[in-house]
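I opened the model to look up a few things. These are my notes, in the order I took them.

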Amino acid sequence: MFNSPDWVFSMFAFLGFLCCMIPLPWHLEAWNTGTCLYMIWTGLSCLIQFINSIVWRSNVINWAPVWCDISAKFMIGTSVAIPACSLCINRRLYHIASVSSVTKTRAQKRRDIMTDLAIGVGIPVLEMILQYIVQGHRFNIFEEIGCYPATFNTPLAYVLVFAWPMVLGCISAYYCVRTIVELAQRRAQFMEFLSMNKNLSSSRYFRLMGLAGIEMLCTIPLGAYVIYLNATAQPVLPWISWANVHFNFSRIEQIPSVAWRTSGPAVLSIEFSRWFLVVCALVFFAFFGFADEARKNYRLAYVSVAKRVGLSTAGTVSTGGSWSTGSKSEMAYNSRAGIMPVFVTQRTEQKRDSLTSFSTDISIGEFNDAKEIPYSPTETATGSISKESLPSTPVDGQTIPLPDTPALAGSGPTHGVTAVPRVIVDSPESLRNSIDIV
């Protein structure tokens, strides 16, 4: 890995930037501050390393002094920001596992976000400021690497700069162990909280726990190893005074690759510091780049881009299905269509030149002693009355005699309808298009 061509690191650094930036929008919707800060710090660091590896591929010329000032300070902050973001994630997971209430007020949520910002942004910014105390000169430029921070190798530097990742890793380990204990004791209450939280599922919770656990396990031993490399790569000089450390502060050291690659500890320290960022980005994508919400957003993004460029999306979203309109036993649905079934009801009616049929709730048996015959839907009237045979202006509540009953199809007794007066309610014209006589 450390002896690979320059273009290999440039390619992986850009991929690391994409792996962190692509899932960022839907993680912002969940308001998971620690995860979003992790993606921002790691993604921007990969982008900076990608640019540096392109600009200073075969030279040590100071092309952009201001860029080097900013990027060198950003690298100092990133070395602390990634463990700090891991601490934010572990701390949030612990509070979820040990929650005493399934709901949080708006003030509590705002306080949690401010605390995460203080840890994930405040501590790295403070580290950038403290590093100036032991900053021997402006910055370094390594061939094939680019801009690199310059820290005077003195015992005070180990307290102010090099020891911070280990301290944050130990605090994260404390929260991680407490989270496991709380999960074992309050599993039922924990699942209840997850069911009430629409932005955090159990799958996402354990993926966050896996990411934070890996960061915790890697931060402590790697932080200790970095301290060892800094102590052995070059001699540790005593702190004399502020003036001594910042003497000729504006100078810029430019080191070609033939010089810095001759020292094994220097190669290991420099290459490890930039490849570690790429590994962090790829580990994050391995946990969250193939989740259900990620695949859903990839599909939506593909459909959106395909529509803009005119590509067909028929293979992605199916909009059709096959149905037969026979009886229920003959009805078939194409399960690959991906749509809800549409039930079509077929009714066979005899067309009549009459008004829309309606039914009164009055039984003929209530007015005479004739035997009531139950209605059968199989019986179909063969005759009808026309609209012209009815009075043109019916009056509400007026008794109107009906014409003789038409003959019914089929054998069986019928009842005389004219023997019973009926009251026709004053209904709209659209409802008086036909009358079926039973």
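This is a predicted model: local features need pLDDT of at least 70, side-chain atom pairs count only at pLDDT 80 or more; totals for chains, interfaces and linings use all residues.

I began with ring pairs: rings of Phe, Tyr and Trp (its six-membered ring) pair if their centres lie within 6.5 Å, with planes under 30 degrees apart counted as stacked, over 60 as edge-to-face and the rest as tilted. I found 15 aromatic pairs in the structure. In one, the rings of Tyr38 and Phe284 have centres 5.8 Å apart and planes at 35°, so I logged the pair as tilted. The pair links distant parts of the chain, 246 residues apart: Tyr38 lies in helix α3 (residues 33–55) and Phe284 in helix α12 (residues 264–288). Helices here are DSSP runs (H or I, at least four residues), numbered from the N terminus.

Residues are numbered from 1 along each chain, and side-chain values use heavy atoms, without hydrogens or water.

Next I checked Phe9. Ring pairs join Phe9, Phe12 and Trp275 into a cluster. The charged end of Arg274 sits over the ring of Phe9, 3.9 Å from its centre; the test is CZ of Arg or NZ of Lys within 6 Å of the ring centre and within 35 degrees of the ring normal.

Last, I looked up Phe14. Phe14 is in helix α1 (residues 6–21). I put Phe14 down as partly exposed because its relative accessibility is 34%.

Note on methods
Helices (H or I, at least four residues) and strands (E, at least two) are DSSP runs, numbered from the N terminus. Buried means under 20% relative accessible area, exposed over 50%, partly exposed in between (1.4 Å probe, protein chains only).
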